[in-house]
Amino acid sequence: MKRGERWLLPDGVDEVLPPFAEPLEQLRRDILDLFSSWGYELVLPPLVEFLESLQSGNGEDLDLQTYKITDQLSGRLMGVRADITPQVARIDAHRLPTDAPQRLCYVGPVLHTRAENFAGSRNPLQVGAELYGHGGVESDAEVVCLMSDVLRSAGIDGVTVEIGHMGLFKALIDAANLDADATDKLLDALLRKSDIEVKECLQENDVDADCAAHLRGLLQLNGGVGVVAQARKVLSGASATVLDSLDAIEGLINLILVRVPDIELHVDLAELRGYRYHTGLMFAAYMAGEGRQIAWGGRYDNIGKAFGRQRDATGFSTDLKNLISVRRDLPASREKIFAPSGGEGDLLDKINELRLQGRVVIQELEGQCGGARELGCDATLIRRNDSWVIEELDELRGR
């Protein structure tokens, strides 16, 4: 790096500056308060852990995204977390063990070796909530509704929640008797919505006609909630697990619509990101004009197995920095008041009084460069008739 470029950040690594930093911090507080009102307790896992722990349950998906370092004390390999969810699963399994349902939430930075989306961040500020110890659709519905509340609190409207089910796809794969390589190839074709490649993959692996029809049928099973009824026809004759999965999707939809009647729901049975991670219902939130998910989650019942205590689990997460960037408008900044320099008792008393009221007061430094306008102030504190009063800058200009 050239001497004059030392201030540059690595590609994909960003920082939050005014006017976004303060609204982001306020949003963080609001979301944590919202989590608390639902009974979710805050945990703050460390930024680094031993690699085996960080990648438990979804190691293959996270391996390429995780920075590895060697612990100078133990000589063991550690990782800088790329996802907080495995850490929370470890906490549920061993730090806060219970047989009852447990609700945990978190917020903190994560680091990725590469951005997941074009022009995306490699250092998101991840916030999320996890519900352990319940395998029914009610817990999935709770998490989706909580996710919806979080997006509303962030000032994001017009959200569509997309629903899928990984268990349905895995049951179809089992029936087709596909090996790991063929499954990966099929997954890639389904995600790109390429019917030709899906057909070729199934033919190459001599998949039985009925199974092939079911797997190819996934490509057309996307749209409104009526897709579930359509899926029952397209997937007729499939295993009981497939039908149970459709029942779960339908049950989730019904529960969500009772709690959030105005929510926009979309079903896509070929949206299968997180194949090695998710085990059941999956969901993601999208907003108009954004080609990527703004929040995502689902069921991942296998994650605790690596910690020796497998528990039913569902949850969601999002990137706080992304939520701020996609907002249609930012809250108006607070008025700033410029106070003159000096240490007179009545002046300092007035400044302290205003600050205790929640007002922003910037006191002039002796000999400083620039004044009220240069510091972005809207008003100034001036002495009038032996008392200190606030005058708007525009009012002073008109005098």
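**Notebook: loops, strands and a pocket**

I looked up K193 and found it in the loop between helix 7 and helix 8 (195–204). Helices here are DSSP runs of H or I with at least four residues, strands are DSSP runs of E with at least two, and both are numbered from the N terminus. I note that this is a predicted model, in which local features need a pLDDT of at least 70 and side-chain atom pairs count only at pLDDT 80 or more, while totals for chains, interfaces and linings use all residues. Residues are numbered from 1 along each chain as its sequence is written, and side-chain values use heavy atoms, with hydrogens and water left out.

**Backbone entries**

I noted that K193 has a positive phi of about 55° although it is not a glycine. Most residues other than glycine have a negative phi, and most peptide bonds are trans. K193 has a relative accessible area of 36% and is therefore partly exposed; the classes are buried under 20%, exposed over 50% and partly exposed in between, with a 1.4 Å probe and protein chains only.

I then went to D386, which sits in the loop between strand 15 (379–384) and strand 16 (387–392). D386 is likewise not a glycine and has a positive phi, of about 65°. With a relative accessible area of 71%, D386 counts as exposed.

For the peptide bonds, I recorded a cis bond joining P18 and P19, with omega of about 5°.

I read a volume of about 500 Å³ for the second largest pocket. A pocket is found on a 1 Å grid over the protein atoms alone, as an open set of points where a 1.4 Å probe fits, with protein on both sides within 12 Å along at least five of seven lines, and its lining residues have an atom within 4 Å of a point. Grid points are joined across faces, edges and corners, and the volume is the space filled by probe spheres set on them.

Of the 20 lining residues, I listed P19, E22, P23, S333 and R334 as the closest to the centre of the second largest pocket. Helix 1 (residues 21–37) supplies the largest share of this lining, with eight residues. I sorted the lining by class into 10 nonpolar, three polar and seven charged residues, where Ala, Val, Leu, Ile, Met, Phe, Trp, Tyr, Cys and Pro are nonpolar, Asp, Glu, Lys and Arg are charged, and the others, Gly among them, are polar.

**Helix entries**

I checked helix 4 (residues 85–95) and found it largely enclosed by the rest of the structure, because nine of its 11 residues are buried. Among these buried residues are P86, V88, R90 and D92.

R152 is in helix 5 (residues 137–153) and is partly exposed, at 38% relative accessible area. Not counting residues up to four places away in sequence, R152 touches V260 and D262, where contact means heavy atoms within 4.5 Å. The side chain of R152 also makes a polar contact of 2.9 Å with the side chain of D262; such a contact is a pair of N or O atoms within 3.5 Å, and within protein one must be able to donate a hydrogen and the other to accept it, with residues adjacent in sequence counted only if both atoms are side-chain atoms.

H214, in helix 9 (residues 209–217), is buried at 9% relative accessibility. Leaving aside neighbours within four places in sequence, I find H214 in contact with L172, V234, L235, S236, G237 and A238.

**Strand entries**

I found seven of the seven residues of strand 12 (residues 313–319) buried. A313, G315, S317 and D319 cover one side of strand 12, and T314, F316 and T318 the other. Two strands pair if DSSP finds at least two bridges between them. Strand 6 (residues 125–132) runs antiparallel to strand 12 over seven bridges, and E130 stands opposite G315. Strand 11 (residues 295–299) is also antiparallel to strand 12, with four bridges, and here G297 faces F316.

Strand 7 pairs with strand 10 (residues 281–287) in the antiparallel sense over seven bridges, and with strand 9 (residues 264–268) in parallel over four. I noted M282 as the partner of G164 and V267 as the partner of I163.
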